[in-house]
Amino acid sequence: FQDQAEQFFRSGHTNNWAVLVCTSRFWFNYRHVANTLSVYRSVKRLGIPDSHIVLMLADDMACNPRNPKPATVFSHKNMELNVYGDDVEVDYRSYEVTVENFLRVLTGRIPPSTPRSKRLLSDDRSNILIYMTGHGGNGFLKFQDSEEITNVELADAFEQMWQKRRYNELLFIIDTCQGASMYERFYSPNIMALASSQVGEDSLSHQPDLGIGVHLMDRYTFYVLEFLEEIHPASQTNMNDLFQVCPKSLCVSTPGHRTDLFQRDPQNVLITDFFGSVRKVEITTETISLDSDLAGFESKLPKDELATEPLKYAEQLPVAQIIHQKPKQKDWHPPGGFILGLWALIIMVFFKTYGIKHMKHIF
Amino acid sequence: QFQLAVPVAVVFAPGSVPGDLPRPLPFRDVQEMEISVNLRTRITSRYEMVCRSTTAQEEAALDVATAREADAALRPLQDASLGSLTVYVVPETSSLLPQGISVYVGKHRSALVRAGGDLAALRTRLQQLTQVMSFTASSIAAALSDRVPDGQLGPDARRHLKSSLGYEITFSLLNPDPKSHAVDWDIEDAVNRYVQPVLDKLSLLANFSVDSQILYYAVLGVTPRFDKESSSFLLSAHSLPHVINPVEARLGSSAASLYPVLNFLLYVPERSHSPLYIQDKDGAPVSTNAFHSPRWGGIMVYNVEAPASPQASLPLHVDVDMVRVMEVFLAQLRLLFGLSREELPPEFLVESPGNEGLADWELDRLLWAHTVENIVTVSTTLTSLAQLLDKIGNIVIKDDVASEVYRAVASVQNAMAKLATGHLHSAFQASKEAVTSSERAFFDPSLLHLLYFPDDQKFAIYIPLFLPMAVPILLSLAKIVREARQHKKEPTKMD
């Protein structure tokens, strides 16, 4: 009976996924890449394999020409902790990190040629951790300095994920200015959200490193990383502790969280339910009995080997076609009604005002 | 709201007819039961029973010594279409069924039931039996587990593999200590002999592809404890969940296909950690030395005996006994699909399916569950697609998306019609087509909704563009209108 009660509070997930997004480029946004990589590192350490992590980094800091320590991304002052590591697998890099690609990953509407590492192949028993960082404002998050994703679009994307049962439970963490505005519009069930600052507040960065010359981490993620360093795969720490991370005295901004859409009590939600990958196992008690003598003799006649063509490399690009191709004629469309109407109005007003006698100068 | 019809033939052997039959044989009887999944979905199961007495051939077939032979002899005389069942009622005194067993479930789609007194008892037994062999309320609810409101099912009910068009099975041999053990496993032969027959039987359900690999220096994530009493190493049950993760990264499942991957790992412990046993919750070593994780696969620990003489040359050559290994892996495969022998009542005797891995009626069980799951998935997908298109009016639907939607709807209707008449095979095929079409329509890359224009953005963009341009135009228009009115009032102003 005790067992049943325990089971009731446990999450019903069988696998874990993580989608970690850094949306800003340029060298001075080093801290956003460091944020994302430190969450990546924690998540990997706690057990989620690379095949279940979709890592999107909008710029390359480790190999940036301005990096005085190439191939490293540090998160602590005095270069204590290199979060870049040896086995980083970035799935979406540089200009591939766009709002469109991000929404495609979430909703699953990916072109069929996308490799498996770039897909979010979650099912209805997956717990997904989504971490986003970058520059944001009231109701939007800036991608790549040229486009934005609004909180309504994000909420709609999550609703589509829910409709298709692409997640069991979702934890959304965002570390940007006015981050709480991003989770205001969620309406799908089983979502828990954390943000580094409330609407109207800015999230501040932690500390600059004089050797590298930029700020290394944002405060909220820095304290979350410190908190996660103490979690190991078997720990029983729950979400309430994560809510307490980075109080106003340390963070200057007020972190917020939203749990009304979540069905379980945060007290019962383990950190490893989202950050780690603790699988349910069952002892195998049944076996079947195989008769080794019968096998092989009873079986049908061996299938003939299908005649396979000798393998050769596929044509990657239709080079011959491209070289000899004439530029495609773009079809000419007559101007639309709006433009025509606008011009007609302008011309009519001009001639009415200034008199018809000017017509002969034009025609 | 849909109907699942199961055609059942109940054949009474001479001497087994209960005294209080309502009508003389042969007759038809229909039993209906409702399974209510949630507020909107109701499933009615309909058992169409045709009761008749045995023919001469069947009587001859039943006149053998054991139930197994009877089953084999009866097989050619049955209607063996997918989804149908045949139940033979034998007299109470018959010696076909051993003592204490009142129901014998065969390898194919038939069962032998001992007649026990009156009709009511027979009825309940028949009901139990038909439920076991086709579907129960809980198996249907488990198939639809993501639509069932929380709390009705325990979290453990949602662990069987979801219905998919194909599955990829990977067998991996983990050798963390190649210096001590040179392990050889004849996996290709084992797959051809033992796994292929099972997969051939399941090929109706989905496409299966099999691959195998050997991983060296792959260690488990947990250090086993040394137990002095048994002088062996033990892995306790609560450390098992942490075993899988470090290995998973090396399994290469990301290079495999887009189908769900089932991993079966065979772990040969290091010389320094041999022998290694898995402990269950009560502390007793597990006989199979294996465990599995729902929707992921299974792991078995294969212990190599210590060499007879301590000076034996390392590495030891190990030839893996594939029969033992495959017995466990195939049992785990059955459990992953949800075919378990544990929930049967004690007076049922179930025939072991032998090398085929699963009995015909177990395949039927899977087909029923998957068909229902497919149909419900399609309806939810299409509904949510319609809702999406309602909400965001400016998404363009391409023609092929539209045709996929039509095809999905037609296939679903076909599947439901076939289910209501009891044709399981065609219902399953239709449901598979419906799922393919609806997934293609829903996940079409062109249906992206990056078109959210809030009102304040519209104002912010268009007003600075058009307002300066519009001011002189509007003023001139006003001037024109005034002039025209003036002109009308004083029509003749001639010099």
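I began at the interface of chain A and chain B, where the rule finds 11 residue pairs in polar contact, both residues at pLDDT 80 or more. The model is a predicted one.

I then looked up which elements of chain A take part. By residue class, the side of chain A that touches chain B holds 25 nonpolar, 20 polar and 23 charged residues.

Next I checked the salt bridges and noted four between chain A and chain B. I looked at Asp124(A), which forms a salt bridge with Lys162(B); their closest N and O atoms are 3.6 Å apart.

I followed E11(A) across to chain B. Two bridges join E11(A) to strand E14 (residues 290-293) of chain B, and the strands run antiparallel. Glu282(A) has His292(B) as its bridge partner in E14(B).

For the extent of the contact I recorded 68 residues from chain A and 82 residues from chain B. The two chains bury about 6500 Å² between them, with 59% of it on carbon and sulfur atoms. On the chain A side, Arg109(A), Arg116(A) and Leu290(A) lose the most area to chain B, together 12% of what that side buries.

Last, I read the domain assignment of chain B: domain 1 (2-143 + 344-350), domain 2 (166-337), domain 3 (360-447) and domain 4 (453-490). Taken over C-alpha atoms, the centres of domain 3 and domain 4 of chain B are 53 Å apart.

Methods:
Residues numbered from 1 in each chain as written. Chains lettered and ligands numbered in written order. Predicted model: local features only at pLDDT ≥ 70, side-chain atom pairs only at ≥ 80, totals over all residues. Heavy atoms only, no water. Domains from an automatic or database assignment. Contact = heavy atoms within 4.5 Å. Buried area = accessible area lost by both parts, 1.4 Å probe. Salt bridge = Lys/Arg side-chain N within 4 Å of Asp/Glu carboxyl O. Polar contact = N/O pair within 3.5 Å; in protein donor to acceptor, adjacent residues only side chain to side chain. Nonpolar A, V, L, I, M, F, W, Y, C, P; charged D, E, K, R; others polar. Pairing = 2+ DSSP bridges. Helix = DSSP H or I, 4+ residues; strand = E, 2+ residues; numbered from the N terminus.
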